[in-house]
Amino acid sequence: MDMITFPTIDMTPILPEIYLSLLAMALLLINVFMPGRQKGYLGYISFVGVVAIAVMTASGWGIEVSSFSGSVIQDKFAIFFKIIFLLSAGLSILLSDQYMEREGCNHGELYPLILFTVVGMMLMACGTDLMTIFLGLEVMSVSLYILAGFNRANIKSNESGLKYFLLGAFSTGFLLYGMALTYGATGTTRIFGISGQLSQMAAPAANIMLLAGMLLMITGFAFKIAAAPFHMWTPDVYEGAPTPMTAFMSAGPKAAGFAAAIRILVISFPALQPDWSQLFWILAVLTMTIGNITALRQDNIKRMLAYSSIAHAGYALVGFAAGNETGVAGVLFYMLSYAFMNIGAFAIVILIAKKGETNGTVQDFAGFAFKRPLLAAVMSLFLFSLAGMPPTAGFIGKFYLFSGAVQQGYVWLAIIGVINSAVSVYYYLRVMVFMYMKNPSEEFEWATVTAPVALALIISAAGSIILGVVPSYVMQFAQQAAKLI
Amino acid sequence: METLFFLIVSIVAIASAVMVIACRNPINSALSLILTFFCLATYYVMLDAPFLAAVQVMVYAGAIMVLIVFTIMLLNIRIDATRRHSHMIFFGSIVGFATLFNTVYIVMKSRAATPATTVNVEALKAGHTELIGREMFTNFLLPFEITSILLLVAIVGAVVIAKKKI
């Protein structure tokens, strides 16, 4: 019996994951051994750690390394997405302290779980093997189920966690079945190996096992990014989860789903692009329309933002359906700007709401502008950006997405996207109407803005404006990252 | 002989699977599920995959089913609490049969499309356990290591959700 010869291993691609895991484990230990009920300082430690790891990740830009015999890769695409994940995690960590204090949760375990979620998302973005991507997705999902149900005293949070867990586990089954069928049809789980096998096949579109595998994988990812008709879980889960976690869920994991789906479909299945492109055409139209139409009728602000996040996944799917470099670069850019504007909007929602998640309807925004003019102005900025008005990040993002679709010849898709965007203006402006034109129904104390929340608001507002005014600086990075093959 | 054996195992597998959903007592359902898992393990043996068969019995029929039976006993579910929804059964069976038809269609088509795969003689000679272990520590080292993070997250989550006082 001969010895196992270990392959040479280059740790570079997974260094951010390793450091994040170490940080998370250290925080878990600190949490156990340090006395005291309120563990706010853990949030500061994890925020500093996230910033340091983001700097380290960004410094690897331009260095392309594949390691672990092709299970994982460091390329510009992965680094761009890792920065988005770290950004959304950092902003959510800043928001968590004030919220958790108000709700009276002990949140020592919250920060390690957020960091583990980021580890999972990062593995989805840099994995080049179906197994790596799947395990990354599981690490992400399991942490998210717990984060959604973190506020144990609140029955809605419990419902949110349980619902997300049951439906998420079900959808993971689809994804895994799809991966198994793809493996059966090609004999490999490496995504570069799959594309090699496909190029040797005479007619890959006639291979029904391969097609079924691809379809099931798309189903699994469509669930994770909350695309219609797999979006049913979104409003309940987003409404019930603690608000900082809702903000995190709508930005980070959605981007992770896109990262893994883009990498698998664009690299492994270029031979089937006409097929999956058409499918995403339909998914994009359904997702945009259902998300926007349903959001019109929502009074609860978290539910409204949940449906709006479905609609935004639809816009990003437009760029994905195009499948060309402009479209993919548009998705990257849009995910970044969405993280800024959406987490910013949720930060204001946290300030408006009161203990026990009450005071969370659109009507409760009445008179906000008279009491806190600066905060109302910032909220308006985020709403304008979400609605896609110039000169904000949302406008530029949609512009790139739709121009990608037009380049590919999907003119109708772009038109439907623009119409949807116009529809969405109604429910975003409705909040502003309440803020600026209605009198407050009763007098009450507005929440004070603590320093971390203020920092989060400044970062998100700056991001929404800078990406809108000088988009080319970030766009050149997105375009480099989108050159996948 | 093998065909006969396959048929017998299949009939037992399907019958026990039906028993899982037809039994009104959850304990009986759980026990039928164990039987189904054993039949699946038998399939793996027939497909020359003894390692998978052993894992199937140990992990599913052993560990997971013990947990399920334990939970049922702890929760002490009463039988009359389970009501039947006739329209649910109707739609469920439509979806179920459609899926079944689909799967059979896909398997039949892809069997015709791809040539029968040749058995990896080297793999059979070396033994599956050794081969799987070898792959796990070379080509699939990273996924193997990620599992440890996954388990850690699950443990932390269980503590967060189940701890009496946090």
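Okay, so a charge sits over a ring if NZ of Lys or CZ of Arg is within 6 Å of the ring centre and within 35 degrees of the ring normal. Keep that in mind for R190(A): its charged end sits over the ring of F140(B), 4.9 Å from the centre. K438(A) does this too, with its charged end over the ring of F434(A), 4.4 Å from the centre.

Quick housekeeping. This is a predicted model, where local features need pLDDT of at least 70 and side-chain atom pairs count only at pLDDT 80 or more, while totals for chains, interfaces and linings use all residues. Residues are numbered from 1 along each chain as written, chains are lettered from A and ligands numbered from 1 in written order, and side-chain values use heavy atoms, without hydrogens or water.

Now, rings with rings. Rings of Phe, Tyr and Trp (its six-membered ring) pair if their centres lie within 6.5 Å; planes under 30 degrees apart are stacked, over 60 edge-to-face, and the rest tilted. That rule gives 23 aromatic pairs over all chains. Take W61(A) and F477(A): they are edge-to-face, 5.2 Å centre to centre, with 90 degrees between the planes. W61(A) lies in the loop between α2 (40-58) and β1 (65-67) of chain A and F477(A) in helix α19 (residues 471-482), so the pair ties together parts 416 residues apart in sequence. Helices here are DSSP runs of H or I, at least four residues, and strands are runs of E, at least two, numbered from the N terminus.

The cut-offs are under 20% relative accessible area for buried and over 50% for exposed, with partly exposed in between (1.4 Å probe, protein chains only). F477(A), at 25%, is partly exposed.

Over in chain B, the ring centres of F6(B) and Y43(B) are 5.5 Å apart and their planes are at 45 degrees, so that pair is tilted. F6(B) is in helix α1 (residues 2-22) and Y43(B) in helix α2 (residues 26-46), 37 residues apart.

Last topic: the core. A nonpolar core is a set of buried Ala, Val, Leu, Ile, Met, Phe, Trp, Tyr and Cys residues joined through side-chain atoms within 4.5 Å. Which residues touch the most other members of the largest core? Of its 192 residues, they are F81(A), F269(A), W276(A) and F365(A). Helix α13 (residues 325-352) of chain A gives the largest share of this core, 21 residues. Another core lies apart from it, with seven residues, including F37(B) and M65(B).
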